[in-house]
Amino acid sequence: MTIEPVRSKRRPVLIAISIAVVVAVVASVVVIALTNFAGQQRRESLALIKDERLTALVEARGKIQPAVNAYLAAYKKARNAPASREEAEKNSVKERDEFQQAVNSARTTLNDVQTGYGAGEEADGIGVAVAQLGDSYQAYLDSMEGLVESYPLFEGLFREDAGCSGLFVGSKAANLRERQTLLTQAAVPCREAVNQLKQSKNVSYVEFARTLDNEIAQLESHAETTAKSEENYNEFVRLKDEYVKKVDDATARNAPEAEYLKIADELKALNTRIKNNRSEFDFAAKRYLNGVKDMPTLVEDVFSKNVSAQIKHHDTVIPLRVQVLKDAVDAELTE
């Protein structure tokens with residue numbers, strides 16, 4: 001009699017466990033390999049950002065300001081030739097195009113930094129640094145674009161027969177009411193130009209336009225006050241002549257004292273009106289003249305103070321943002 005070997009029930013179980021263990025080991029090795037590969041890729045990307053792309057970003061920004069200055073100089077030279085705004089824009093188109101090319105190149109280098117870092121990791125330190133640098137860098141580029149794009153409008157505001165040139169109408173007016181009328185008429189095209197300037201991407205132009213808009217309103221208000229005061233003065237002269245006749249008539253009639261006292265009270269009230277009118281006129285006239293005299297300084301300050309301060313701000317902030325990003329990259333690469 002042949003005895004059949006008895007198969008152990010544990011053998012299939014052991015085989016299954018062994019296979020599962022092998023699969024798990026292989027899977028873990030694959031995960032480790034993929035993790036190491038992804039980590040290596042990120043390290044290479046970060047090193048590329050720090051060593052090449054940030055350098056390119058800084059170099060690209062360094063070309064912006066010279067391009068801005070070249071365009072502004074070319075446009076102003078053409079305008080002073082003299083030439084119309086259209087002619088000046090045509091004669092400075094080369095410098096305008098070179099500026100735009102510099103801006104486009106700078107935007108490309110910024111995009112390289114942002115895409116080189118990668119998406120979906122904005123919450124970490126490097127992501128925050130990239131975002132902050134991007135915001136500051138983009139704000140600078142937008143500001144410089146606005147400076148160039150709006151310059152023809154700004155530069156031509158007070159040129160003859162353009163924009164706000166008609167505001168200074170003092171020498172053209174025969175009296176203060178005529179000055180007020182001419183000023184009101186001149187303010188219409190001036191405000192249109194100012195409102196266009198308010199749309200600029202450069203904050204210095206926008207702030208100037210808002211200030212100028214307020215100055216125009218003040219000039220109109222003071223012009224109206226002085227014109228009204230002049231008309232009141234002419235009325236006071238007429239009333240004075242009437243009171244002289246009243247006094248002469250009362251004297252000729254040997255009028256009673258009560259009539260003289262009444263005339264005296266009326267003259268006292270008239271003198272108070274004259275005094276108040278003179279105070280209002282002096283105040284408004286002084287403010288009007290100061291507004292006219294301060295206008296050139298208001299225009300000069302746009303570039304001599306406001307734009308230069310704006311550029312200085314960017315020149316301080318952007319290098320700091322770059323350094324923060326470099327430090328964040330170094331910190332991760334040394335981990």
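## Disulfide and aromatic contacts

The structure, a predicted model, holds 1 disulfide. This link joins Cys164 and Cys190, whose sulfur atoms are 1.9 Å apart. The link of Cys164 and Cys190 is right-handed, with 85° about the S-S bond.

Aromatic pairs number 8. Two of them involve Phe154 and are listed here.

| Pair | Centre to centre | Angle between planes | Class |
|---|---|---|---|
| Phe154 and Tyr205 | 5.2 Å | 35° | tilted |
| Phe154 and Phe303 | 5.8 Å | 45° | tilted |

Phe154 lies in helix H6 and Tyr205 in helix H8 (residues 203–253), so their pair ties together parts that are 51 residues apart in sequence. Phe303 lies in helix H9 (residues 257–333), so its pair with Phe154 of helix H6 connects parts that are 149 residues apart in sequence. Phe154 is buried, with a relative accessible area of 8%, and Tyr205 is buried as well. Phe303, at 26% relative accessibility, counts as partly exposed.

Arg61 is placed over the face of Tyr140, 4.8 Å from the ring centre. Arg179 lies over the face of Tyr288, at 3.8 Å from the ring centre.

Definitions and conventions:
Residues numbered from 1 in each chain as written. Predicted model: local features only at pLDDT ≥ 70, side-chain atom pairs only at ≥ 80, totals over all residues. Heavy atoms only, no water. Disulfide = S-S within 2.5 Å. Phe/Tyr/Trp six-rings, centres within 6.5 Å; stacked < 30°, edge-to-face > 60°. Helix = DSSP H or I, 4+ residues; strand = E, 2+ residues; numbered from the N terminus. Buried < 20%, exposed > 50% of the residue type's maximum accessible area, 1.4 Å probe, protein only. Lys NZ or Arg CZ within 6 Å of the ring centre and 35° of its normal.
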